[in-house]
Amino acid sequence: MARYLAHIAEDGREQTILDHLTGTAAQAQTFARPFDTAEQAALAGLAHDLGKYTAAFQKRLHGDTASVDHATAGAYACFRRRQLPAAFAVMGHHGGLPDGGGKGDSSESSTFFGRIRKAAQSGVPTPDPVWEQQISLPSPPIPAWADHPLDGMFFTRMLYSCLVDADFLDTETFMRGQCRPTGDTASMDELWARLCTYVSGWSPPEGELNAQRCAVLERCMAEGEARQPGLFTLTVPTGGGKTVSSLAFALAHARAHGLRRVIYVIPYTSIIEQTAAIFRDILGAENVLEHHANVDRDTAAQGELAPHDVRLLQATENWDAPVIVTTAVQFFESLFACKPSRCRKLHSIAGSVVIFDEAQMLPLPYLRPCVWAIAQLVAHYRVSAVLCTATQPALHPLFAEFLPGQTAIELCPDGLLTESVFHRVTFRRAGKLSWDALAAQLNAHKQVLCIVNARQSARTVFSKLDGEGCFHLSTLMYPAHRQAQLAEIRDRLDRGLPCRVVSTSLIEAGVDVDFPAVYREENGLDAILQAAGRCNREGKNDPNASIVTIFQGEDAPPARFGTQIGVGRKVLDRQADPASRQAIYDYFHELLTLVGKTAQDPKSILKTIEQGFFPFRTVAEQFRLIEQETRTVYIPLGEGAALVERLQRGERSRALFRRLGRYGVSVYADHFHALDRAGALTLLEDGGAILTDLGLYHASTGLSTPLDGQAHLL
């Protein structure tokens, strides 16, 4: 009997196909257990490399350069057993999940049915029948709830995640001759103990505000233990301590119900960095995985990583860590992706507590697909989801549609808090202000924050400020620069020094700063209230003297904010307290009613899934939370200069690019091309560039481009 191999290591060791298939199946089973489909995962693991039982693949393994399709044979074997989810997972385990297509697709089509037809016509190498003597493929029942196209497509992607992660890990273990490092992360019991130690100094609380924060914390701890997994909301006024309280709920809930990890989904990188730092302080750096573009894991000067840094770096691939802090873009785009690299981590979401911080910022054009995905996780994958915010969006009708029979449980119900304690500001509407008039009012304050809707507006207003301690913040400043500016701003605020800041909205959601006065250009009510959370944050000043001024700017507002501004004005006109739960509910209810279902899924992503046959590739192309194309410009300043020099010497590594991310500015394509035409860039093969004309980067305002007269957001 011929000996069929799956892999040959560099040192000559050989792994048989049988060993690889059984090893992959065992790991895939483990990954699928939290959603009770271990046998489906075992089937996919056993079938995925049946196409390697061919002379063509064995020749390739020994040096032949001809390409071999080794995925379709296993998919065809699953298809003949009427195991469609496993068949899709196997077919896509290298190149990505294909569109299903239709039964009439020709054998030349790249769709699932096209490739199945090709296999049926012997258009791909047929495995040696010896495989059937070594392997018995099971035919487990497909979950009844996966019959609907929406449920079935989501299930197939989760099954696919189990397969591709198990396949990668089994292959990696064999090729390296050892398993990945494990064992240095804490259990949920240990994490809970660390949290309890951290908050032990909070009692007895000093002052009314801290007493209210402790009340929220204690409630979240109790509810975490008492409640069964499901859908929750945590609505806490700004400054109410929701970051630590939501972590307390998550850890208590995970301990009580055997959930595996806590995942924080946050809209802005600036909030992620701040939140991850808090969690590392509470739980230990080795237990917190921060996963976003700017994360720096290359901490050793010579590139030698500490063991827990190696493990966390590897964990970005499959989220094998007890606490994950990530972006909404990373989370949701992965849930609609089709490529192995994006989908490997999805099975790790099952059996977890997922906190959606600043839940009001779920993107409106993708609101229905995002809420549907959350509902899928809660309904079928043993996920407890928590929508956490000071301004709770009115999503009850959507969840009633996608998660019938489950009502979201509010962890901080009416009556728990004394609302007057959180009454820290007074709102004032100033009407329309010219930029000169606005700047004059800002200059009259010793310490003040002004938030506007567009980058160009921020620069214009900033240019009109006088005296020392004036700052500008926008995403045209590289992250390390923004962090340094924020550190200086906080220091000046603490020391009572002059501090006037003009920023885009990046500062208003979750960034911990405390100004005695705030100005906010008209926007949606949620944005106004988030901005108000930067005023008298600790309640140390008289609320009647802590003024949040709402104004219309000199320029017409960006078109994308028009509806939010209109609805916000109506609510402000009729509600005496814009920060009341009723005002917030009215705003979101009116907004979602006004824009309608179409605006909540304008690309018809859910309809595409329902009417197509598992259109994985089409949906992955359509689901892009960041619509406008951006490209990265690296700024060789500060530590970035040495990193860029390494790049120019030809070094290419994931660790280098992670560090470079802290010195990169994302610019829109038209501005990127304008910089290139001006001769200000050195282009890189990955599509990014290095800024060579450093005169275009200013210490106060960041990167300038030849198109700066055009208004862009954030």
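Modeller: One term before the sheets: two strands count as paired if DSSP finds at least two bridges between them. With that, 7 strands form an open sheet in the order E5-E6-E4-E7-E8-E3-E9, and the pairing is parallel. Keep in mind that this is a predicted model.

Biologist: Which strands stand at the edges of that sheet?

Modeller: Strand E5 (288-291) and strand E9 (409-410). Each has a single partner strand, so one side of each is left without a neighbour in the sheet.

Biologist: How many bridges join E3 to E9?

Modeller: There are 2, between strand E3 (residues 231-235) and E9, and the two run parallel. Phe 232 is the residue opposite Ile 409 of E9.

Biologist: And which helix packs on the sheet there?

Modeller: Helix H11 (residues 242-257). H11 touches E3, strand E4 (261-266), strand E7 (352-357) and strand E8 (384-389), and its direction makes about 165 degrees with that of E7.

Biologist: OK, confidence. What's the mean pLDDT of the chain?

Modeller: The mean is 91, and 95% of the residues reach 70 or more.

Biologist: Where does pLDDT stay under 50?

Modeller: Residues 296-304 are one such stretch, and the model gives them 17 contacts beyond four places in sequence. Residues 710-714 are also below 50, with 26 contacts beyond near neighbours in sequence. Where pLDDT is low, the predicted coordinates should not be read in detail.

Biologist: Good to know. There's another sheet, I think. What order do the strands from E10 to E15 come in?

Modeller: The order is E10-E15-E14-E11-E13-E12, an open sheet of 6 strands with parallel pairing. Strand E10 (426-432) and strand E12 (470-473) are the edge strands, pairing on one side only. From one strand to the next, the twist averages 15 degrees.

Biologist: Zoom in on the pair E11 and E14. How many bridges?

Modeller: Strand E11 (residues 447-451) and strand E14 (residues 518-521) run parallel and are joined by 3 bridges. Cys 450 has Tyr 519 of E14 as its bridge partner.

Biologist: Which helix lies across E12?

Modeller: Helix H19 (residues 455-463), which lies across both E12 and strand E13 (499-503). H19 runs at about 175 degrees to E12.

Biologist: Switching to helix packing. How do H1 and H8 cross?

Modeller: Helix H1 (residues 17-32) and helix H8 (residues 149-176) have axes that come within 8 Å and cross at roughly 135 degrees. H1 and H8 are therefore oblique to each other. The crossing is right-handed.

Biologist: What residues make the contact?

Modeller: From H1, the list includes His 20, Gln 27 and Phe 31, and from H8 it includes Cys 162, Asp 165 and Leu 169. By class, the contact has 7 nonpolar, 5 polar and 3 charged residues.

Biologist: And how does H8 sit against H16?

Modeller: The axes of H8 and helix H16 (residues 367-380) come within 11 Å and cross at roughly 75 degrees. That makes H8 roughly perpendicular to H16. Leu 150, Asp 151 and Phe 154 of H8 make the contact with Trp 372, Ala 373, Gln 376, Leu 377 and His 380 of H16. The class count is 5 nonpolar, 2 polar and 1 charged.

Biologist: What about H22 and H23?

Modeller: Helix H22 (residues 562-574) and helix H23 (residues 581-600) pack at about 140 degrees, with their axes 10 Å apart. H22 passes H23 in a right-handed crossing. The residues that meet include Val 567 and Arg 574 in H22, and Tyr 587 and Glu 590 in H23. That contact divides into 7 nonpolar, 3 polar and 4 charged residues.

Biologist: Further along, what does E16 pair with?

Modeller: Strand E16 (residues 630-634) runs antiparallel to strand E17 (residues 664-668), with 5 bridges. Thr 630 is opposite Tyr 668 there. E16 also pairs with strand E19 (residues 689-691), in the parallel sense over 2 bridges. Val 633 has Ala 689 of E19 as its bridge partner.

Biologist: Last one: where is there a cis peptide bond?

Modeller: Between Ser 203 and Pro 204, with omega about 0 degrees. Pro 204 is in the loop between helix H9 (188-199) and helix H10 (207-226). Also have a look at Trp 319, a residue other than glycine with a positive phi near 55 degrees. Trp 319 lies in the loop between helix H13 (307-318) and strand E6 (323-327). Most residues other than glycine have a negative phi, and most peptide bonds are trans.

Methods. Residues numbered from 1 in each chain as written. Predicted model: local features only at pLDDT ≥ 70, side-chain atom pairs only at ≥ 80, totals over all residues. Heavy atoms only, no water. pLDDT = per-residue confidence, 0-100. Contact = heavy atoms within 4.5 Å. Axes fitted to C-alpha atoms, helices over the stretch in contact; angles between N-to-C directions. Helix = DSSP H or I, 4+ residues; strand = E, 2+ residues; numbered from the N terminus. Parallel < 35°, antiparallel > 145°, perpendicular 65-115°, else oblique. Left-handed = near helix turned anticlockwise from the far one by under 90°. Nonpolar A, V, L, I, M, F, W, Y, C, P; charged D, E, K, R; others polar.
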